[in-house]
Amino acid sequence: MEDKKVTIVEVGPRDGLQTEKKFVETASKIKLVDMLGTCGFKRIEATSFVSPRWVPQMADASELMAGINRHPGVTYSVLTPNLRAFEGAVAARADEVAIFASASESFSQKNINCRIAESLDRFRPVIAAAKDAGIPVRGYVSCIVVCPYEGPIAPDIVARVTADMMALGCHEVSLGDTVGQGHPETIAAMLDAVLSVAPADRLAGHYHDTNGRAIENIEVSLDRGLRVFDSAIAGLGGCPYAPGAEGNVDTCKVDALMRKLGFDTGLIPERLVDAANFAVGLR
Ligand code: HMG
Ligand code: MG
């Protein structure tokens, strides 16, 4: 029965909103997170503690975390690329933090201003501090099949960076098809490489839906044993440093797929629809 459970990590408030050009009022972001909190999610990625020059939309991370109404049983996670971010996350009482690396050197440079190896060095003190504070750390690996600057990325590079993130101490690595150019064949080849270094129960699929293939990509990932998938309410989002990236796969579509396949997500469809309607109004 355990095998029939799937966890959907709602990343809309962070990955969904971070690219919105017009600043979304903090009160509206708080309302979105609060609505999502009642949908049955166990995990919500709420915001990022990053440079406001790099991602202006996430400049209100502390205010957002202070304003949300924490729903019992929900883990509220935030992105923390460096120690300063981690300190902000602790002050904001984040339940989980996430560090984010890339399988592409060019994307790493554009997104977090350093090479892959340097990013791992920057994450080391974050992980150490999180361990001391008893806060779990999620890892992301971006550009798992295609980089917007370099084109196709070899599966063994994705496997290597995933192994590095696991070795650093991430409890889970979320595999990001940042620009949504993956399709079932390339996702399967990537997963076959990654599964040689990490078990399926420590991996998550994070598929943007630029080409409308994300649902099929989730299906091949389910076949390979993955049971955690990231999605964004109303398919919001993209990445500010990934030109051409569309939103994450729509949470309602993923939930519908899981129901069809007999997986239990614990989500309440009517509440998801309310949250999606509200999210659409924020754009
Ligand atoms: P840097 O230039 O190497 O670092 O940037 P720095 O320490 O020299 O700092 C640069 C500036 O940022 C300074 O301010 C710092 O004070 C400030 P300035 O002098 O320019 O005024 N700063 C900070 N401000 C607030 N909070 C902080 C912080 N740290 C430094 N924590 C840095 C490195 C990581 C900070 C920068 O590159 C950055 O913020 N990048 C943002 C990247 C980002 O958020 N991208 C989107 C999320 S990743 C994503 O979407 C992909 C994912 O969804 C998976 C997928 O789809 O593939 C996860
Ligand atoms: Mg993303």
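In the protein chain, 53% of the 283 residues are buried, a residue counting as buried if 20 or more other C-beta atoms, placed from the backbone, lie within 10 Å of its own. The model is a predicted one, in which local features need pLDDT of at least 70 and side-chain atom pairs count only at pLDDT 80 or more, while totals for chains, interfaces and linings use all residues. Residues are numbered from 1 along each chain as its sequence is written, and chains are lettered from A and ligands numbered from 1 in the order in which they are written.

The secondary structure of the chain amounts to eleven helices and ten strands, taken as DSSP runs (helices H or I, at least four residues; strands E, at least two) numbered from the N terminus. Eight strands form a closed barrel in the order β1-β2-β3-β4-β5-β8-β9-β10, with parallel pairing, where two strands pair if DSSP finds at least two bridges between them. Neighbouring strands of this sheet are turned by 25° against each other on average, direction ignored. Between β5 and β8 (residues 172-177), which run parallel, there are four bridges, and Ser174 in β8 is the bridge partner of Tyr140.

Around ligand 1 there are 28 residues, of which Ser51, Ala85, Ser142, Gly176 and Thr178 come nearest; a residue is near a molecule if its C-beta atom, placed from the backbone, lies within 6 Å of it. At least two residues of this shell are supplied by each of α4 (83-91), α5 (105-112) and β5 (137-142).

How values were computed. Axes are lines fitted to C-alpha atoms, for helices over the stretch in contact, and angles run from 0 to 180 degrees between N-to-C directions. A residue is buried if 20 or more other C-beta atoms lie within 10 Å of its own, exposed if 12 or fewer, and partly exposed in between; C-beta atoms are placed from the backbone.
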